[in-house]
Amino acid sequence: MTGDRRDHQYREHTEGDAQKPLFVSYTFLKVDPAWRRLAVAVRAQGRADFSQAVTQSADFVTTYAYSTIGLKATADLLLWRSSPSLEALQESMAALLQTGLGMYATISHTMLGMTRPSVYTRRRTVQEQAV
């Protein structure tokens, strides 16, 4: 995610309605070992489709991906996602699971939370917003 979209998301949740929630999801995915036995071209296309699904939802869902290979036996990938809309989180996850890579992935763990901007934090100045 680029800083511009993140700043937009910050402004959207700190200006106006200070109590507007931001939904945060941590989803761990385990990839079926059969995925590694597929042809290189098929895996490349599956990864490209997965990446495209993330990009298509980027206006509504902020996504950070982390590899957990070798760190967690029950998961290969962590998706840290946030959105002002719970429906957007659900729809984008459905789209991800329908891609070439997603069809070989199962959700091994998931955590969902909600955050709100602090009422004690001051608004960003024009100079801070320009950075």
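How many helices and strands does the secondary structure of the chain come to? Four helices and four strands, where helices (H or I, at least four residues) and strands (E, at least two) are DSSP runs numbered from the N terminus. Along the sequence the pattern reads α-β-α-β-β-α-β-α.

Before I go on, the ground rules. This is a predicted model, so to speak a computed one: local features need pLDDT of at least 70, side-chain atom pairs count only at pLDDT 80 or more, and totals for chains, interfaces and linings use all residues. Residues are numbered from 1 along each chain as its sequence is written, and side-chain values use heavy atoms, with hydrogens and water left out.

Now the chain as a whole. It has 131 residues, and 32% of them are buried. Buried means under 20% relative accessible area, exposed means over 50%, and partly exposed is in between, with a 1.4 Å probe and protein chains only. The accessible surface is about 8400 Å², and carbon and sulfur atoms hold 58% of that; the areas come from the Shrake-Rupley method with a 1.4 Å probe, and for residues only the protein chains shown count as cover. On contacts (heavy atoms within 4.5 Å): of those in the chain with a separation of 6 or more, 72% are between residues 24 or more positions apart.

Next, the core. In soluble globular proteins, nonpolar side chains tend to be buried together. Here the largest nonpolar core has eleven residues: Leu29, Val31, Trp35, Phe50, Ala53, Leu77, Leu79, Met93, Leu96, Leu101 and Ala105. Such a core is a set of buried Ala, Val, Leu, Ile, Met, Phe, Trp, Tyr and Cys residues joined through side-chain atoms within 4.5 Å. Leu79 has contacts that include Leu29, Phe50, Met93 and Leu96, not counting residues up to four places away in sequence.

Which residues lie nearest the centre of the second largest pocket? They are Arg47, Phe50, Ala65, Leu77 and Leu101, out of 17 lining residues. The elements that give two or more residues to that lining are β1 (22-31), α2 (40-56), β2 (62-67) and β3 (77-83). Helix α2 gives the most, with four residues. The space in this pocket is about 300 Å³. For the method: on a 1 Å grid over the protein atoms alone, a pocket is an open set of points where a 1.4 Å probe fits, with protein on both sides within 12 Å along at least five of seven lines, and lining residues have an atom within 4 Å of a point. Grid points are joined across faces, edges and corners, and the volume is the space filled by probe spheres set on the points.

Ser92 is in helix α3 and counts as buried because its relative accessibility is 6%. Beyond four places in sequence, Ser92 touches Ser57, Val61 and Arg81.

Tyr26 is in strand β1. Is Tyr26 buried or partly exposed? Tyr26 is partly exposed, because its relative accessibility is 32%. Tyr26 and Leu78 are 52 residues apart in sequence, with 6.9 Å from C-alpha to C-alpha.

Ala75 sits in the loop between β2 and β3, and is buried, with a relative accessible area of 0%. Leaving aside neighbours within four places in sequence, Ala75 is in contact with Phe28, Leu29, Lys30, Thr68 and Ser108.
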